[in-house]
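Thanks for coming. I will talk through one structure, starting with a single contact and then widening out.

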Protein chains: 2
Amino acid sequence: MATTPAANRIAERKLRDKQARRAQIISAARRIAELDGWSNVTVRRLSDEISYSQPVLYAHFGSREGILAAVAIQGFQELGLALEKARKRVKRGNTAESVAAAYLEFAASSPALYEVMFSLSLSVPFDDPATPPELRFAFSQFLELFPGQSSKAEVLSELFWASLHGVAELTRTKRFPPSRRKERVRTLVELFSFPKR
Amino acid sequence: MATTPAANRIAERKLRDKQARRAQIISAARRIAELDGWSNVTVRRLSDEISYSQPVLYAHFGSREGILAAVAIQGFQELGLALEKARKRVKRGNTAESVAAAYLEFAASSPALYEVMFSLSLSVPFDDPATPPELRFAFSQFLELFPGQSSKAEVLSELFWASLHGVAELTRTKRFPPSRRKERVRTLVELFSFPKR
DNA sequence: TATAAAAACTAGCAACGCTATATATGATGT
DNA sequence: ACATCATATATAGCGTTGCTAGTTTTTATA
């Protein structure tokens, strides 16, 4: 029995509904996390927010961690886009500085989002066949900063990322005073600009 | 009524017992965390391990988070000592390289300990009157690497710490392939050695 | 309109952090 | 040596969590 046109339209509508609800859940999780922290992102509270019962969430994501992983991947996508934008329309001549500023701005403006992106190593792997493309894309923005595909370039990309991640994380967890923020970024970029000269 | 000698000895013994149990709890928490992860460090399991009921743990630490904070502070103490040792007896001439290697070795050999040290920003503050001395001591080891008390030195210390933290964290969460480990450290140290020349 | 399938809900389990209350232990004064 | 009182420890239970088995409702199809 061939699928009728009507059946197709119905299936499409169901898919749309499903994706819309999925987006709703992710959005609610992000909102609650930024407002009250990830410990308050409970399955019950999410099911309240979207006005569905708990099992619906499990049908979508399998587990609470699955929801966090989806948020994390969305975060990597947005980070990648922000970095690409910063790299392409460069202000003040220095590409690395523009990217660095964009990275730290992203981490500072969505601390809970940034937090979850780096606290789920198991369900969001890297350097692995199962690495989501969003993560590859984000990291590729760092690779673009260091021309040439030598292993030196890869190492520099990794170190630049690591430095920014360290600054972001130590700032988020209140280990760094906000006062020296600008000088920190400037000095960091200087350090990494040296080998290119 | 003056405290008798006997009463003193008794009080001392009680204090010793209390501290011993405190150490037992911390030790058990570390062991379970490294073995099965922090989510398996439950108050019930800890109370089983030390053969006391749950309320005893609350008498010591107030909350589960209090236990984690105690472990974190112990971790900072050990990290500080390891860095000091690496700085004082320098191998192969480069102090920064020795300290960097020691830092990453610490993070790699006790991943759960390292994890908890940086996941409790609220209960273990920094840059604050209530900052535990263990944290100040650990960070002071980085300050020693960059002579002079200019703000430039402070910024370089912060950045060196941040870079190492980033590398440690991205390695721990499987974001960096272990293959380029040595080259990563060497390049990082080179970057930070430049301004001193 | 009857039937099958898909979707959603109700209700409950085990485990968690934490605490009010009760019991046992041990030091003190006569 | 014994009664007293404080301290230390245990029992039992509350509210909440992630998750799921079983049931009911809704929706599409014949």
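Ser151(A), Val155(A), Leu156(A), Glu158(A) and Leu159(A), in α8(A), meet Glu183(B), Arg184(B), Thr187(B) and Leu188(B), in α9(B). Contact here means that the C-beta atoms of two residues, placed from the backbone, lie within 7 Å. Helices are DSSP runs of H or I with at least four residues, strands are runs of E with at least two, and both are numbered from the N terminus.

Before going on, a note on the source: this is a predicted model, in which local features need pLDDT of at least 70 and side-chain atom pairs count only at pLDDT 80 or more, while totals for chains, interfaces and linings use all residues. Residues are numbered from 1 along each chain as its sequence is written, and chains are lettered from A and ligands numbered from 1 in the order in which they are written.

The residues of the contact between α8(A) and α9(B) divide into 4 nonpolar, 2 polar and 3 charged. Nonpolar covers Ala, Val, Leu, Ile, Met, Phe, Trp, Tyr, Cys and Pro; charged covers Asp, Glu, Lys and Arg; the others, Gly among them, are polar.

How are α8(A) and α9(B) placed? They pack at an angle of about 70°, with their axes 10 Å apart. Axes are lines fitted to C-alpha atoms, for helices over the stretch in contact, and angles between N-to-C directions run from 0 to 180 degrees. The two helices, α8(A) and α9(B), are therefore roughly perpendicular, a term for angles of 65 to 115 degrees.

Now the whole interface. Chain B gives 30 residues to the contact and chain A gives 30. On the chain B side, α8 (151-172) and α9 (181-193) each supply at least two residues, and the largest share, 12 residues, comes from α8(B). That side of chain B has 15 nonpolar, 7 polar and 8 charged residues.

How does chain B lie relative to chain A?

Last, chain A by itself. Chain A has 9 helices and 0 strands. Its C-alpha atoms fill a box of roughly 65 × 40 × 30 Å along the principal axes.

Notes:
Angles under 35 degrees count as roughly parallel, over 145 as roughly antiparallel, 65 to 115 as roughly perpendicular and the rest as oblique.
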